[in-house]
Amino acid sequence: MPTAGQPIARRSFEPKALRRSVIRMAYAGSTVHIGCAFSIIEILAVLYRKHLQGDCRKPAHCTDRDYLVLSKGHGIMAQYACLHELGVLGDQDLDAYFGDGTRLKGLSEAHVPGCDVTAGTLGHGLSVGVGLALAAKRRRTAQRVFAIVGDGEMNEGPIWEAMLFASHFKLDNLFVIVDENRFQAMGSTDEVMALGSLSAKFESFGFDVREVDGHDESALDAALEALETHRDGRAKAVIARTVKGRGVSFMEDDNKWHYTRLTEATYLAAMQELGDG
Amino acid sequence: MRPTFSRLLTAAAQADERVLLLTGDHGYALFDEFRSKCADRYINCGVAEQNMVGVAAGLAKAGFRPIVYGLGAFVPLRVLEQVKMDICYEKLPVVLIGDGAGVVYSTLGASHQCAEDVAALRAVPHIRIHSPADRFELAYCFTEMLDGERPSYLRFGKADCGDIHTGVPDVAPGDMIPVRHGDAHVGIVATGSMVSSAVKVADEFGNIPVWSAPSIVPFNHDQLAEACRKLRQVITLEEHSIAGGLGSLVSETIAEAGVGCRVRRMGIDGKFSELCGSWNYLLAYHGLAVEDIRRTVVAALAA
């Protein structure tokens, strides 16, 4: 495994390849949350490819790198796939997923190099990200915090506390990216806890908001680019309209892929669709 | 104790530029000195304790040394999950202060009283728990907390019970501090506000040994076991639930050490304060008044 200090080469973060890594892990570990990972693949690809500055493996107290806060920890396999592409994780990490004594868990954990928060408990990560953004402001560094929040996660009260705080303390180095896949564990967000317009909500909290197709990489890139130029005291939000399970036809918008494990047949079918040659 | 606390906070910020004070819109006069001398280190996070603890975790990750202040009923109780996952799981150097611990807010009722904080935190790995009895123990605990690169909690209870010591104790981390010596077969181990009550009763008898426990985690188990070998009964005293606090700690320690000394736990025993009144009224309500302690000592001596 490469250690901090050695440069990491920029990779392509090709979405199909990332999804193949997720399927590879999920099958090896016989695990769930595939749909949660698939909806944020393009978001992570765009962030890692272009927006996250500095070496993500460096400790959090370093002042020359941005932070990636995966507040919706259930999408962690997507981040593992990116860290695999960066070489921070190796093939054996993917293939031994959930094996006895291994360290990669089913939710985000800051003990993993490249992961900045422990956020399996929903509604925690954004507040920690807000603290990192405040720290950067107080130290007058150029660091930014990109925090990925799930729309289901927005049921949690502390998310709204964090939004109030970010706006009040003018954290314009904070970029909240909402994975609006319109599903949560037990059903659609409309069925479980209707969220209404997230853009309107963030705007009413004082955020500078862009709403985009969360699987359109150039649209995501353009939205982030536009927000990054606005250091006007407003915290930023990208409402990314996504599809849970995106990338494999039989998983798209089918919430059972929140909690269903792969069989040999579904594994092979998914890999075939994702162009495993 | 409160002027000492204010002075210690201000001195900590002046000595270390990483120190920040976060409050959940509480503190009033307690922070006047801090706000006038270290205004830019004071962050009022609003009435939003869960976010405040997460923000403190983020600041600590980035190298700051946050001191998070709240009422004990909220910090650490309301935010227990944030303390567990955001701070303790990553062993971040965040200092938590729980003010008004016990039944200090005697007229406000159960919502602002706190008898569960030590019990809750004792089950969480990596966090140190301090419970000072006077301004000197407070200074000792404060130094321990700020010197350590780890999570810590200060249980800040009734603050005007008078001095126990004449100077800052010089003891090892986790040690109990003997505050009264005696050869009776009954002894008292007390913490926080209850040390002063224990001393009052012990002084009436003249031969009852009393120890103050300013540190719940870590705790010198050997010291306690050794002390209890000379006793037939040890009385524990705390303005906290008898489940999970000092009484539990003492019971567990001497049971595991195989010491044949009986334990009588005095503390809050499975009830909320359903009535209101003065702090002293509520102590009596919970069986923690000086008379209750005296009666318990007399019974123990006769046993």
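Predicted model: local features only at pLDDT ≥ 70, side-chain atom pairs only at ≥ 80, totals over all residues.
The overall figures for each chain are set out below.

| Chain | Helices and strands | Box of C-alpha atoms | Buried residues |
|---|---|---|---|
| Chain A | eleven helices and seven strands | roughly 50 × 50 × 35 Å | 53% of 277 residues |
| Chain B | eleven helices and twelve strands | roughly 60 × 40 × 35 Å | 57% of 303 residues |

In chain A, made up of eleven helices and seven strands, the radius of gyration is 18 Å; the globule rule gives 19 Å for 277 residues, and because these values are close, chain A is as compact as a globular protein of that length. Chain B contains eleven helices and twelve strands. Its radius of gyration is 19 Å, close to the 19 Å from the globule rule for 303 residues, so chain B too is as compact as a globular protein of its length.

Contacts within the chains can be sorted by sequence separation. In chain A, 77% of the contacts between residues at least 6 apart in sequence join residues at least 24 apart. For chain B, 75% of the contacts with a separation of 6 or more are between residues 24 or more positions apart.

**Contact between the chains**

Where the chains meet, 20 residues of chain A are in contact with 21 residues of chain B. On the chain A side, helices α6 (125–139) and α7 (157–168) each supply at least two residues. The largest share, eight residues, comes from α6(A). By class, the side of chain A that touches chain B has eleven nonpolar, eight polar and one charged residues.

**Helix α1 of chain A**

Helix α1(A) covers residues 15–29 and reaches 21 Å from its first C-alpha to its last, close to the 21 Å expected for 15 residues at 1.5 Å a residue. The helix is mostly covered, with eleven of its 15 residues buried. The buried residues are P15(A), L18(A), R19(A), S21(A), V22(A), I23(A), R24(A), M25(A), A26(A), Y27(A) and G29(A). They pack against five helices of chain A: α2 (34–38), α3 (41–51), α4 (76–86), α5 (91–95) and α11 (264–273). Just after the helix, S30(A) has a positive phi of about 45°.

**Helices α8 and α9 of chain B**

The axes of α8(B) (residues 221–228) and α9(B) (residues 246–257) come within 9 Å and cross at roughly 75°. An angle from 65 to 115 degrees counts as roughly perpendicular, so α8(B) is roughly perpendicular to α9(B). From α8(B), the contact uses H221(B), L224(B), A225(B) and C228(B), and from α9(B) it uses V250(B), T253(B), I254(B) and A257(B). Six of these residues are nonpolar, two are polar and none is charged.

The twelve residues of α9(B) should span 16 Å at 1.5 Å a residue, and the end C-alpha atoms are 16 Å apart, which agrees. Buried in α9(B) are L246(B), G247(B), S248(B), L249(B), V250(B), T253(B) and I254(B). V250(B), T253(B) and I254(B) also take part in the contact with α8(B). The cover over the buried residues of α9(B) includes the helix α8 and the strands β8 (186–190), β10 (215–217), β11 (233–241) and β12 (262–268) of chain B. After α9(B) comes G258(B), with a positive phi near 75°.

Note on methods: Residues numbered from 1 in each chain as written. Chains lettered and ligands numbered in written order. Axes fitted to C-alpha atoms, helices over the stretch in contact; angles between N-to-C directions. Helix = DSSP H or I, 4+ residues; strand = E, 2+ residues; numbered from the N terminus. Parallel < 35°, antiparallel > 145°, perpendicular 65-115°, else oblique. Contact = placed C-beta atoms within 7 Å. Nonpolar A, V, L, I, M, F, W, Y, C, P; charged D, E, K, R; others polar. Expected span 1.5 Å × (residues − 1). Buried ≥ 20, exposed ≤ 12 C-beta atoms within 10 Å, placed from the backbone. Rg over C-alpha atoms; globule rule 2.2 N^0.38 Å.
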